[in-house]
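I wanted to go through both chains and jot down what I looked up, in the order I got to it.

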Amino acid sequence: MTKIIFTAFLAALLSSVGIGQSNTLYADLGAETGMTKIIASAVKRWEKNPVLAAQFKNANTDRLEKSLVQQICSITGGGCTYEGESMKAAHEKMGVTTQQFNALAEDLQLALSEHGIGSATQNRLIALLAPMKRDIVTP
Amino acid sequence: MRIKPKLRATSVATSIAAALCAIASATTFAQSNMSGKLLATGGVSAIEGAGGGGLATWALITGYGTDAQIGANAHFTAAKLRDYEFASTGVAVGFYDRLEISAATQSFNTKTVLIPISAGLKNYKLKQDVFGVKVRIFGDAIYDQDRWMPQISVGAQFKNNKDDSVIPFLNGALQSNIKNRSTDFYVAASKLYLAQSVLVNAAVRLSKANQFGLLGFEGPEGTGYKPSLEASVAYLLRRDLVLGVEMRSKRGNLRNSALNLSEQAAYDIFLAYFPTKNVSITAAYLDLGQIVGALTADRKQTGAYLSLQVGF
């Protein structure tokens with residue numbers, strides 16, 4: 001009995017992995033209108049987060065928000081071209097720690113939740129951002 | 001005659017646990033709200049104390065410490081099976097997302113099962129201490145979303161079964177030399193498929209254990225290391241809620257004997273809830289297969305599993 005439930009559950013999970021999404025991730029994130037609000041809310045959280053605040057002290061919030069929206073648009077199938085600096089160039093002198101990188105991600109998750117983005121969609125976005133740790137965090 | 005070594009083993013376990021707690025609280029408890037890893041990626045506690053699922057070992061290092069932090073967890077787990085009750089208490093500390101050290105003490109209450117052997121064995125508890133070490137070798141289960149390579153860790157678990165009644169009885173009945181101590185070795189792989197919200201873990205364990213070591217090590221069917229498989233698949237329902245299944249094969253060395261001591265694979269279906277990074281609660285439906293089948297009507301030992309974990 002347990003084996004049957006186990007196998008059925010496993011099959012369901014593995015098949016869910018193969019299901020393709022019909023919408024682009026950008027559309028599921030609410031496209032430009034949605035992402036602009038989400039990023040604004042994320043940046044507010046970053047500026048207030050004690051782990052991150054120091055890194056945002058001198059940031060040009062307006063430019064940062066626009067650049068982030070454009071970058072997310074470019075990697076999530078929104079059709080934009082990211083014109084900003086590479087992640088490596090933008091962060092190499094900042095001394096970003098793994099803890100700070102994760103705090104960024106968590107605040108972004110909170111901002112996504114705040115704007116009604118479900119967990120599965122959030123994870124699709126975080127999956128694209130996670131490998132950027134290699135360029136953002138100072139080893 | 002065996003009282004002294006038993007006492008020593010218990011006090012060693014207790015003092016190591018106390019020392020780990022002291023190290024942990026002294027170093028990073030103040031930062032508990034600033035713990036680095038993403039929620040739920042610290043995992044829950046396996047029955048042997050290591051970070052992972054309940055049955056299957058993960059390659060992830062316990063706790064929420066990053067490469068520059070220390071994380072730690074204490075767990076209390078109880079399972080009520082058809083004929084037995086299981087409990088495990090332990091601590092695990094993760095250092096710099098690289099090294100994990102764990103200690104756990106397990107108790108397996110045989111309730112009324114052993115009464116046919118001796119009336120004095122009512123509610124007899126098989127007890128075992130487990131000391132574990134795990135090292136992350138390479139890969140990163142969480143960040144390497146653009147690479148196929150999973151996170152790989154290797155580990156060892158020294159198991160000290162403190163029983164002085166059941167194992168000697170079995171050795172007499174089976175003309176065997178079942179041992180009280182042994183060390184398991186394993187290689188574990190973990191990969192988070194974040195875009196699909198799925199975490200997959202697999203481990204190969206080399207062990208001489210009978211029923212996780214609760215019935216000792218080695219026996220008439222074998223004295224060497226045998227490989228067994230552990231696997232789990234979990235779906236991240238939400239940032240703080242994980243649903244999954246686990247399986248763990250058990251080889252055992254007591255097959256084909258008069259008491260029907262054959263073992264089967266263990267399975268569970270679990271739901272883990274992480275309200276904060278400091279607390280997690282895991283509930284599961286567990287099937288450990290037959291355990292001393294001849295005295296339990298050859299029933300599978302199914303039941304409920306509940307685990308509380310506190311840490312950072």
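**Chain B, first pass**

I started with contacts: in chain B, 62% of those with a separation of 6 or more link residues 24 or more positions apart. This is a predicted model, so I am reading it as such.

Next I wanted the make-up of chain B. I found two helices and 14 strands. I also looked up burial, and 53% of the 312 residues of chain B count as buried.

Which strands does β7(B) pair with? I began with β6(B), residues 125-138, which is joined to β7(B), residues 151-161, by 10 bridges. The two run antiparallel.

**Chain A, first pass**

How many helices and strands does chain A have? I get nine helices and zero strands. Going along the sequence, I wrote the pattern down as α-α-α-α-α-α-α-α-α.

For burial, I have 29% of the 139 residues of chain A down as buried. On contacts, I looked at those in chain A with a separation of 6 or more, and 76% of them are between residues 24 or more positions apart.

**A closer look at α5(A)**

With 15 residues at 1.5 Å a residue, the helix should span 21 Å, and its end C-alpha atoms are 21 Å apart, so the two agree.

Which residues of α5(A) are buried? I listed A:L68, A:V69, A:I72 and A:C73. They lie on the same side of α5(A), because the arc they cover around the axis is only 135°.

I then asked what covers the buried residues of α5(A). My list includes α2(A), residues 25-28, and α3(A), residues 31-48.

Last, I looked past the end of the helix. α5(A) is followed by A:G77, and I noted a positive phi for this glycine, near 85°.

Conventions. Residues numbered from 1 in each chain as written. Chains lettered and ligands numbered in written order. Predicted model: local features only at pLDDT ≥ 70, side-chain atom pairs only at ≥ 80, totals over all residues. Pairing = 2+ DSSP bridges. Helix = DSSP H or I, 4+ residues; strand = E, 2+ residues; numbered from the N terminus. Buried ≥ 20, exposed ≤ 12 C-beta atoms within 10 Å, placed from the backbone. Contact = placed C-beta atoms within 7 Å. Expected span 1.5 Å × (residues − 1). Arc of directions from axis to C-beta.
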